[in-house]
Amino acid sequence: MVFNPIHPYDSGTKRFWFDDERHEERKLSGQLSLEVIPVKLRPSMASIAGKKGLKGVEIGVGQLQNSINILNNMDIAQLILVDLNYPKTPTAQNSIQDHRVTFVQGNSLQALEMLPNDLDFIYLDGHHEYNFVIHEITKALKKIKAGGIIAGHDYDQSGVNLAVQTLFMNTWMFTKRKPTLYVESCLDEHNQYPLEYLEAGFPIDWWMTVEQEMKDPQFRINHLRNG
Ligand SMILES: C[S@@+](CC[C@H](N)C(=O)[O-])C[C@H]1O[C@@H](n2cnc3c(N)ncnc32)[C@H](O)[C@@H]1O
């Protein structure tokens, strides 16, 4: 199976993997049945890539695969990276020395409290369980300026999916305006995923524009009805 090579955020003219050697290995062993196009940015980040002097946060950075793409392909003034663990690879350790980066080692829920409140984006990719993500979302919303985006990875995971739906419904209820929720396949490399999962177009990025500031102390998340 071949992915549609025309991705809205990529010209589709060049094709490569970030880890060419591994790609080659998988191709030779017959494991690789799909062609992956070179997407340097995940769709949520690509949606604001034209903006200048961006100030953003990524929660859950692992070995900085996504963070490095953000640093290399967006006009970033400041990028705050939060993770429970210090990165292990030399590339990741080197990248957190970038003058635009502030690395915060710790729990996302505490780190979110300390963030500036004029952010252009927050990208959530740490803990993926509903109870956790919904708390992250509630805190993150108050830190994003009007016109910024709240976003994240793995919308295809049930905890994330329900949390994002809950965000959507609550934002609608609070602002009295139906928000637009975007979901889109991430076509950058995901070495650890089963091939059939990738072939289905997963993992999926999600994002929503914060049309008006949500710093109002009255704003709180109501959990969705179930039955
Ligand atoms: C899937 S990895 C992130 C991958 C990265 N966003 C990327 O795309 O390259 C998830 C990371 O979240 C971190 N994490 C999990 N729970 C967290 C929490 N409560 N606070 C901060 N980081 C957390 C883990 O340590 C791990 O490094």
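Between which strand and which helix is the loop that holds Leu187? Leu187 sits in the loop between strand E6 (181-185) and helix H8 (195-199). This is a predicted model. The protein has eight helices and seven strands. Of its 227 residues, 33% are buried. Take contacts between residues at least 6 apart in sequence: 72% of them join residues at least 24 apart.

**Confidence**
- The mean pLDDT of the protein is 85, and 83% of its residues reach 70 or more.
- Residues 1-20 have a pLDDT below 50. Beyond near neighbours in sequence, this stretch has 35 contacts in the model.
- Residues 33-38 also stay under 50. The model gives them 25 contacts beyond four places in sequence.
- Where pLDDT is low, predicted coordinates should not be read in detail.

**Around the ligand**
- The ligand is surrounded by 15 residues. The closest are Gly60, Gly62, Gln65, Asn66 and Gly126.
- Helix H3 (65-73) and strand E2 (76-83) are the elements that give two or more residues to this shell.
- By class, the shell holds three nonpolar, ten polar and two charged residues.

**Helix H3**
- Asn66, Ser67 and Ile70 are buried in H3.
- These residues lie on the same side of H3, because they cover an arc of only 100° around the axis.
- The cover over the buried residues of H3 includes helix H2 (43-46), strand E1 (54-59), E2 and helix H4 (90-95).

**Loop residues**
- Leu187 counts as buried because it has 22 C-beta neighbours inside 10 Å, and the cut-off is 20 or more.
- Leu187 and Asp205 are 18 residues apart in sequence. In space, their C-alpha atoms are 9.8 Å apart.
- Leu64 is found in the loop between E1 and H3. Its phi is near 65°, a positive value in a residue other than glycine. Leu64 is buried, because 24 other C-beta atoms lie within 10 Å.
- Asp154 is in the loop between strand E5 (144-152) and helix H7 (158-175). Phi of Asp154 is near 65°, again a positive value in a residue other than glycine. Asp154 has 21 C-beta neighbours inside 10 Å, so it counts as buried.

**A cis peptide bond**
- Phe202 and Pro203 are joined by a cis peptide bond, with omega about 0°.
- Pro203 lies in the loop between H8 and strand E7 (204-209).

Conventions: Residues are numbered from 1 along each chain as its sequence is written. This is a predicted model: local features need pLDDT of at least 70, side-chain atom pairs count only at pLDDT 80 or more; totals for chains, interfaces and linings use all residues. Helices (H or I, at least four residues) and strands (E, at least two) are DSSP runs, numbered from the N terminus. A residue is buried if 20 or more other C-beta atoms lie within 10 Å of its own, exposed if 12 or fewer, and partly exposed in between; C-beta atoms are placed from the backbone. Two residues are in contact if their C-beta atoms, placed from the backbone, lie within 7 Å. A residue is near a molecule or strand if its C-beta atom, placed from the backbone, lies within 6 Å of it. Ala, Val, Leu, Ile, Met, Phe, Trp, Tyr, Cys and Pro count as nonpolar, Asp, Glu, Lys and Arg as charged, and the others, Gly among them, as polar. pLDDT is the predictor's confidence in each residue, from 0 to 100. The arc is that of the directions from the helix axis to the C-beta atoms.
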